[in-house]
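Colleague: I'd like to learn how to read this model. Could you walk me through it?

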Amino acid sequence: MASFEHPYVPKDLELHDYVPCFLSQSEIVAPYLVVSVVVVALVWILSGRASKILLIDRLLMCWWAFTGLTHIILEGYFAFSPDFYKEKTPFFLAEVWKEYSKGDSRYAGRDSAIVTVEAVTAVIEGPACLLAIYAIASKKAYSHTLQLAICLGQLYGCLIYFITAFLEGDNFSASPFYYWTYYIGANGWWVLIPSLIAIRSWKKINAAFQGRTKKTKAN
């Protein structure tokens, strides 16, 4: 079998039987963005047909649909496909991770911390995100508690992701472009948005308890 030199850093990373990407960066990123937009648009349209759902809640439903499917499909594939870099066909999910590994070669190298975080995210947080859509749409009492829990899980995963990279030298990107685009840019949204949602849900939960306490005292 032909042996190919991988594009990842460090160069001495051993990836036996590595097969280069069949698709270009645009052929990988564009379909992902298009599918994501379609999913968000569908959730937005469907949520608009439901009665009395606030604008912010409709936006949150779109976010949870996007992030939940990303966790389950993309991250789930990575977690349970250790040989994705050996894929000999242009299978899209394998191509995604071959490309993303240019921003963080720990994915191609199957770093144990990364695999663990991604597996937990795919199996637990992914389905929980989809449950959050239902909870918001049906106005369940546990909606904000669930959203807060998911956000804390996502933020914890991001902390593990960034801190372990820092402790190991933060030298896993093929170039500054991939570092800022994939490693920082792609993951930054999972720090910013969950932080904002966590703050909102925390306030909502506190307000609910305060209201209940005042009502109890009044009685």
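**Reading helices, burial and salt bridges**

Modeller: Let's start with a local pair: Glu 95 and Lys 98 are three residues apart in helix α3, so about one helical turn separates them. Helices here are DSSP runs of H or I with at least four residues, strands are E runs of at least two, and both are numbered from the N terminus. Keep in mind that this is a predicted model, where local features need pLDDT of at least 70 and side-chain atom pairs count only at pLDDT 80 or more, while totals for chains, interfaces and linings use all residues. Residues are numbered from 1 along each chain as its sequence is written, and side-chain values use heavy atoms, leaving out hydrogens and water.

Colleague: What do the side chains of Glu 95 and Lys 98 meet in?

Modeller: A salt bridge, 3.6 Å from N to O. The term needs a side-chain nitrogen of Lys or Arg within 4 Å of a carboxyl oxygen of Asp or Glu. By this rule the count comes to five salt bridges.

Colleague: Are Glu 95 and Lys 98 buried or exposed?

Modeller: Buried, both of them. That means under 20% relative accessible area; exposed is over 50%, and partly exposed is in between (1.4 Å probe, protein chains only). Helix α3 (residues 92-100) has eight of its nine residues buried, so the rest of the structure largely encloses it. Among the buried ones are Trp 97 and Tyr 100.

Colleague: Which residue forms a salt bridge with Arg 200?

Modeller: Asp 57, with the closest N and O atoms 3.6 Å apart. Arg 200 sits in helix α6 and Asp 57 in helix α2 (residues 55-79), so the pair ties together parts 143 residues apart in sequence. Arg 200 and Asp 57 are buried too. For another salt bridge, look at Asp 83 and Lys 86, at 3.7 Å from N to O. Asp 83 has 44% relative accessibility, so it counts as partly exposed, and Lys 86, at 25%, also counts as partly exposed.

Colleague: What is Asn 187 in contact with?

Modeller: Contact means heavy atoms within 4.5 Å. Leaving aside neighbours within four places in sequence, Asn 187 touches Tyr 100, Cys 158, Tyr 161, Phe 162 and Tyr 182. Asn 187 lies in helix α6 (residues 176-218) and, at 15% relative accessibility, counts as buried.

Colleague: And how many helices and strands does the protein have?

Modeller: Six helices and zero strands. Buried residues make up 42% of the 219 residues.
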